[in-house]
Amino acid sequence: MLSSIHPLGERGKGNRFGVTAGAFLVGSVLGGASTGAIAALVSIPLDALVSTTAATATIALVAVAAAVFERTGRSLPSVPRQVDENWLNEYRGWVYGAGFGFQLGAGVLTYITTAAVYVALVAAVLAGHPLAALGIMVAFGFTRGLTLLPARSIASPQRLVEFHQRLHRWSPTVRTTSTSVLAASALFAGAALLI
């Protein structure tokens, strides 16, 4: 999204970045809420069938597996589609902002590039309460909706090139951080089993 939606590109299309980014955030939250609503419905019968201990152990195991996937950089099972880039030229900024945001906020409608998506989904389904399931995925969607913030200062072609160079340099650090957060999540879930 960072290569498609930024102030320089939005200005060239006659759009305002703030409006497009705001629509992206709203769409992303709604996408997360939609997935959260489905997870909430699934969580109701599971809560009666799966003990808290089993749910916590499952979340810990999925987080460990996710950390391994992140560390090795292996591809994940996923829907083989991306958001439709033609929207960028066919619709107003707020329309494709909201549409792209919804698809990415839902977490499962496009390529899944991080194993953290699976951890969030499993945690939501095994949360033990529909509101918790909804809350987990709304938080997921909100976090995804903030991904356009780093692009807010791109106002020239030179800044766009510098921005992408910075993203490339930070890629190993982001992968390491993501792996560490997933491993820490697994440790916290494991520690909860001992309490």
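At what angle do helix α2 and helix α7 pack, and how far apart are their axes?

## Two packed helices

In this predicted model, helix α2 (residues 17-49) and helix α7 (residues 130-145) pack at an angle of about 155°, and their axes are 7 Å apart. Helices here are DSSP runs (H or I, at least four residues) numbered from the N terminus, while axes are lines fitted to C-alpha atoms, for helices over the stretch in contact, with angles that run from 0 to 180 degrees between N-to-C directions. The two helices α2 and α7 are therefore roughly antiparallel to each other, a term for angles over 145 degrees.

The crossing in which α2 passes α7 is right-handed, meaning that the near helix is turned clockwise from the far one by less than a right angle. Sorted by class, the contact of α2 with α7 has 14 nonpolar residues, seven polar and one charged; Ala, Val, Leu, Ile, Met, Phe, Trp, Tyr, Cys and Pro count as nonpolar, Asp, Glu, Lys and Arg as charged, and the others, Gly among them, as polar.

## The largest pocket

The largest pocket has a volume of about 1800 Å³. On a 1 Å grid over the protein atoms alone, a pocket is an open set of points where a 1.4 Å probe fits, with protein on both sides within 12 Å along at least five of seven lines, and lining residues have an atom within 4 Å of a point. The volume is the space filled by probe spheres set on the points.

Of the 43 residues that line the largest pocket, Thr113, Thr114, Arg144, Thr147 and Val174 are the closest to its centre. The elements that give two or more residues to this lining are α3 (52-72), α6 (116-125), α7 and α8 (157-194), and α8 gives the most, with eleven residues. By class, the lining has 22 nonpolar, 15 polar and six charged residues.

## Individual residues

Helix α3 holds both Phe69 and Glu70. Phe69 is partly exposed, with a relative accessible area of 30%, whereas Glu70 counts as buried at 7%; buried means under 20%, exposed over 50%, and partly exposed in between (1.4 Å probe, protein chains only). From C-alpha to C-alpha, Phe69 lies 8.4 Å from Thr179, although the two are 110 residues apart in sequence, and Glu70 is separated by 14 Å from Ser185, which is 115 residues away along the chain.

Gly141, in helix α7, is buried, with a relative accessible area of 0%, and its C-alpha atom is 24 Å from that of His168, 27 residues apart in sequence. Phe188, in helix α8, is exposed, with a relative accessible area of 63%; its C-alpha atom is separated by 9.7 Å from that of Thr56, 132 residues apart along the chain.

## Basis of the values

Residues are numbered from 1 along each chain as its sequence is written, and side-chain values use heavy atoms, with hydrogens and water left out. Because the model is predicted, local features need pLDDT of at least 70 and side-chain atom pairs count only at pLDDT 80 or more, while totals for chains, interfaces and linings use all residues.

Technical notes:
Parallel < 35°, antiparallel > 145°, perpendicular 65-115°, else oblique.
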